[in-house]
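Dear colleague,

I am handing over the model we spoke about, and below it you will find my notes on what came out of the analysis. Please read them with the structure open beside you.

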Protein chains: 2
Amino acid sequence: MGLTRSEIFTDEQNQLSQLLKAMAHPARIAILQRILISNTCICGDLVEELGLAQATISQHLKELKTAGLIQGTIEGVSVCYCINPVTWKMMEKQLGAFLSSYKGEVKCC
Amino acid sequence: MGLTRSEIFTDEQNQLSQLLKAMAHPARIAILQRILISNTCICGDLVEELGLAQATISQHLKELKTAGLIQGTIEGVSVCYCINPVTWKMMEKQLGAFLSSYKGEVKCC
DNA sequence: TTAATACATTGCAATAATACGATTAATATA
DNA sequence: TATATTAATCGTATTATTGCAATGTATTAA
């Protein structure tokens, strides 16, 4: 109780839900948007820009990284983050298929 | 502390994160998939099919309904659920724009 | 070497989410 | 009316998430 019963779902369902969960926070969406706009990378500008404590930003970055959505490399003193192309494209494909499987309203409910 | 600081994010970021959160659970993905496949509606078959308790399924349905992803109408003794076309299409558009804003790897990290 | 900078980690407190048994509410049928 | 059926709700235990101050770690600059 209180623990998601992953074992009764398919790998695909578990995987997709984890990717969604990684994105399901306004701060993490903001971080991703910032990375997407800058195209190249970013660092700790997020702390100033988002208005959250440094520890909190670092935690969100870690979650995005753990989910495989972003990757980061040390760049001197700072750390550079950017989108992980592989995971991103996979998610784009998987989510696209899921969302587009809805074929309009067929007179229901 | 322990409470998401929604006030520092944009309405769009908050809205998108809430839709994602509503989908970010394998059971709710399974429920949505089931509705998408059946196209028409469903009822409490989910309890048998998913292997979760009736109370749990009902709770997940409520979350999906609160998020606006599905809608339900009473059909005699049972309740019929189906996709909410308006929210679904809005999310499809908003998420699509978000995901496709990534323009391939530009030599980074 | 020392100090400063940039992040990551840890530890803690508050809140949210997950799951389910038990109960309730509403409708349909005998 | 009495009973079965279906689903929502309540109560509760357990686990996860969010946020931040404090601390740790590694790299750069003086």
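DNA strand D is surrounded by 31 residues, of which the closest are G2(A), A55(A), C43(B), G44(B) and S78(B), where a residue counts as near a molecule or strand if its C-beta atom, placed from the backbone, lies within 6 Å of it. This is a predicted model, in which local features need pLDDT of at least 70 and side-chain atom pairs count only at pLDDT 80 or more, while totals for chains, interfaces and linings use all residues. Residues are numbered from 1 along each chain as its sequence is written, and chains are lettered from A and ligands numbered from 1 in the order in which they are written.

At least two residues each of the surface near DNA strand D are supplied by α4 (54-66) of chain A and by α4 (54-66) and β2 (78-83) of chain B, and the largest share, 6 residues, comes from α4(B). Helices (H or I, at least four residues) and strands (E, at least two) are DSSP runs numbered from the N terminus. By class, this surface near DNA strand D holds 15 nonpolar, 13 polar and 3 charged residues, with Ala, Val, Leu, Ile, Met, Phe, Trp, Tyr, Cys and Pro taken as nonpolar, Asp, Glu, Lys and Arg as charged, and the others, Gly among them, as polar.

Around DNA strand C there are 29 residues, and the closest are C43(A), G44(A), S78(A), G2(B) and A55(B). Two or more residues of that surface come from each of α4 and β2 (78-83) of chain A and α4 of chain B, with α4(A) giving the most, 6 residues. The surface near DNA strand C divides into 14 nonpolar, 13 polar and 2 charged residues.

Turning to the two protein chains, 41 residues of chain B are in contact with 41 residues of chain A, contact meaning that the C-beta atoms of two residues, placed from the backbone, lie within 7 Å. On the side of chain B that touches chain A, at least two residues each come from α1 (11-23), α2 (26-38), β1 (70-75), β2 and α5 (85-100) of chain B, and α1(B) gives the most, with 7 residues. That side of chain B is made up of 24 nonpolar, 14 polar and 3 charged residues.

Chain B can be laid on chain A with an RMSD of 0.0 Å by a turn of 180° and a shift of 0.0 Å along the axis, the copies being superposed by least squares on the C-alpha atoms of residues with pLDDT of at least 70 in both. This is the relation of a two-fold axis, and 100% of the contact residues of chain B recur in chain A, so that the same surface serves both copies.

In α5(B), the residues W88(B), M91(B) and L95(B) are buried, which requires 20 or more other C-beta atoms within 10 Å of a residue's own, whereas 12 or fewer make it exposed and counts in between partly exposed, with C-beta atoms placed from the backbone. Seen down the axis of α5(B), the buried residues fall within an arc of 65°, so they line one face of the helix, the arc being that of the directions from the helix axis to the C-beta atoms. On the other side of α5(B), V86(B), K93(B), A97(B) and S100(B) are exposed. The cover over the buried residues of α5(B) includes α5 of chain A together with α1 and β2 of chain B.

With best regards
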